[in-house]
Amino acid sequence: MGPARHLGAMRGKPAWLKVATAVLALVLVGGLAFAAFWVVRFQMNISKAPLGAGSNRTEEPVNDSKDRMQILILGSDTRDGKNSDYGTSEDSTGYGQSDVMMMMDISADNKRVSVISFPRDLLVDIPECTDQKTKQVFPAQSGVMINEAMKQAGIGCAVDTVNKITGLEIDHFMMADFNAVKELSNAVGGVEVCISDAVYDPDSRLRLPAGNSQVQGEQALAFLRTRHAFADGGDLGRIKAQQGFLSSLTRKIKDDGTLSDPQKMLKIADVVTQNLTVDDGLASVPSLLTIGNRLKNIDISKVAFAAVPTTPAPADPNRLAVAEPAASQLFAALRKDIDLTDPTATPTPTAEPSESAPAPSPSTPTETAPPAYDKALQPVTVANGTGVPARAQEITQAIIAGGFTQVAELVAQPIEKTAVYYGPGFEDVAADVAALMDIPATQVLPAAGVSGVQVYLGTDFMSGTKMGVALPTDIVNQTAGDTVCQQANPELITR
């Protein structure tokens with residue numbers, strides 16, 4: 001009886017309503033099936049690998065939707081599969097080398113992004129790494145190229161190496177291969193680049209006229225890969241070209257309304273996920289969508305591209321070494337979450353009150369301040385953990401100028417974070433010494449083994465006599481809002 005009543009009710013409805021109901025049902029079912037198809041397809045596309053190679057993390061996992069986040073972006077030079085046209089397997093052994101290495105730092109409020117490039121010719125110390133698949137342990141290495149980090153023990157070793165260099169802890173990684181660049185540039189219809197003169201590089205097969213050009217496919221890949229076409233033919237010119245390409249790609253995606261066009265987004269997402277390897281924490285469609293949603297509304301003038309400051313390596317002028325104090329200043333600014341496009345705009349965090357020294361309640365009578373001590377009698381030592389010999393003398397003179405004349409210097413083991421230590425009864429002296437150099441109160445600490453006050457200088461305080469915010473001059477190469485024309489290498493200019 002029940003079903004017969006329903007049929008009768010349907011027969012009584014107007015024909016247009018029957019058709020509309022049927023169409024709506026088909027649309028809903030078709031839409032759900034369409035969405036399910038793409039979600040399943042994207043999920044099957046994604047490859048994943050461990051985030052680290054045996055190092056111990058000290059930070060809790062971030063909330064991908066609202067916390068500050070660092071993502072290491074890698075370009076692999078693997079010759080597997082579709083990449084076999086660019087060399088043999090002997091050119092890229094093991095897991096491959098990182099042809100491109102950039103750290104993307106997204107602020108918690110989603111208002112700015114810093115992208116820091118690491119030259120592949122940079123000589124660094126690689127920590128001990130364990131291949132998470134085979135459990136083979138690779139010993140630490142000293143003074144080797146940074147792009148060697150993942151060749152033996154995998155992507156996690158590259159992550160651990162960047163953590164060691166910067167003092168940060170990378171939250172996620174994304175690695176793409178040569179094919180990803182070609183297909184992504186095709187998917188967006190080409191990326192506009194600019195070069196000062198017509199150039200041809202026979203190694204990468206890049207050929208461009210002077211001025212602006214649209215590159216995609218093989219030419220987009222050649223533009224990113226060439227080692228010789230820009231500036232003096234070195235790695236730093238290549239980095240600036242890569243940053244210029246990404247800036248242009250960012251502008252195009254935003255200007256074309258790609259992020260609000262479902263058809264374009266599906267095409268790009270399919271290309272990206274087919275050629276992407278991520279860590280376990282990002283290996284799902286919702287996680288990748290979360291990152292995309294965070295980036296879509298950022299002001300492109302607040303997407304800053306920089307590179308690790310470098311200098312020619314003493315032992316090999318064809319390689320690069322970290323330039324001090326500029327590199328330590330950059331890493332310290334990143335640890336402090338400074339806006340690289342406007343360092344003075346970032347407010348200094350207010351120190352939280354110490355639980356061990358609560359503020360007096362209204363009912364507590366105010367005690368009389370103790371008599372002032374004689375600065376000239378207070379023992380102060382400067383322990384130099386920066387690795388720069390001249391720093392101890394520089395800080396000593398600043399402390400003496402502040403009235404503390406009993407100052408001695410010590411050679412000390414390198415450390416990353418500056419601290420002011422004090423022995424029993426010297427808490428007030430330590431606070432005043434720290435104030436001379438704007439060292440935060442959170443870095444003034446008791447130490448039973450210290451007689452008087454000890455200023456232990458770390459690599460976060462490499463220049464000047466005030467900690468504050470110090471950044472190398474012109475550290476930002478460009479923002480995503482800047483249109484930059486690359487300088488051609490004079491040796492490859494064609495007429």
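This report describes the disulfides, the aromatic ring pairs and the charges over rings in a predicted model.

Because the model is predicted, local features need pLDDT of at least 70 and side-chain atom pairs count only at pLDDT 80 or more, whereas totals for chains, interfaces and linings use all residues. Residues are numbered from 1 along each chain as its sequence is written, and side-chain values use heavy atoms, with hydrogens and water left out.

**Disulfides**

With a disulfide taken as a pair of cysteine sulfur atoms within 2.5 Å, the count comes to two. One of them joins Cys 129 to Cys 157, with an S to S distance of 2.0 Å. The torsion about this S-S bond is about 75°, so the disulfide of Cys 129 and Cys 157 is right-handed. Cys 129 lies in strand S6 (residues 129-130) and Cys 157 in helix H4 (residues 155-166), so the pair ties together parts that are 28 residues apart in sequence; helices (H or I, at least four residues) and strands (E, at least two) are DSSP runs, numbered from the N terminus.

The other disulfide joins Cys 194 to Cys 485, with S to S 2.0 Å, and the link of Cys 194 and Cys 485 is left-handed, with -70° about the S-S bond. Cys 194 belongs to strand S10 (residues 191-195), while Cys 485 is in the segment after strand S23 (476-479), so this pair ties together parts that are 291 residues apart in sequence. When the bonded cysteines of the protein chain are numbered in sequence order, the pairing reads 1-2, 3-4.

| Residue | Relative accessible area | Class |
|---|---|---|
| Cys 129 | 1% | buried |
| Cys 157 | 3% | buried |
| Cys 194 | 13% | buried |
| Cys 485 | 33% | partly exposed |

**Aromatic pairs**

A pair of aromatic rings is described by the distance of the centres and the angle of the planes. Rings of Phe, Tyr and Trp (its six-membered ring) pair if their centres lie within 6.5 Å, and planes under 30 degrees apart count as stacked, over 60 as edge-to-face and the rest as tilted. A search of the whole structure finds three aromatic pairs. In one of these, the rings of Phe 223 and Phe 245 have their centres 6.3 Å apart and their planes at 35°, so the pair is tilted. This pair links distant parts of the chain, with Phe 223 in helix H6 (residues 218-225) and Phe 245 in helix H7 (residues 235-255), 22 residues apart. Phe 223 is buried at 2% relative accessibility, and Phe 245 is buried at 4%. Ring pairs also link Phe 223, Phe 230 and Phe 245 into a cluster.

The rings of Tyr 373 and Phe 404 likewise form a pair, with centres 6.4 Å apart and planes at 35°, so that pair is tilted. Tyr 373 lies in the loop between helix H10 (326-335) and strand S18 (380-384), and Phe 404 in the loop between helix H11 (390-401) and strand S19 (407-411), 31 residues apart. Tyr 373 counts as partly exposed at 24% relative accessibility, whereas Phe 404 is buried at 0%.

**Charges over rings**

A charge sits over a ring if NZ of Lys or CZ of Arg is within 6 Å of the ring centre and within 35 degrees of the ring normal. Arg 207 lies over the face of Tyr 200, at 3.9 Å from the ring centre, and Arg 225 lies over the face of Phe 178, at 4.6 Å from the ring centre.

Technical notes:
Buried means under 20% relative accessible area, exposed over 50%, partly exposed in between (1.4 Å probe, protein chains only).
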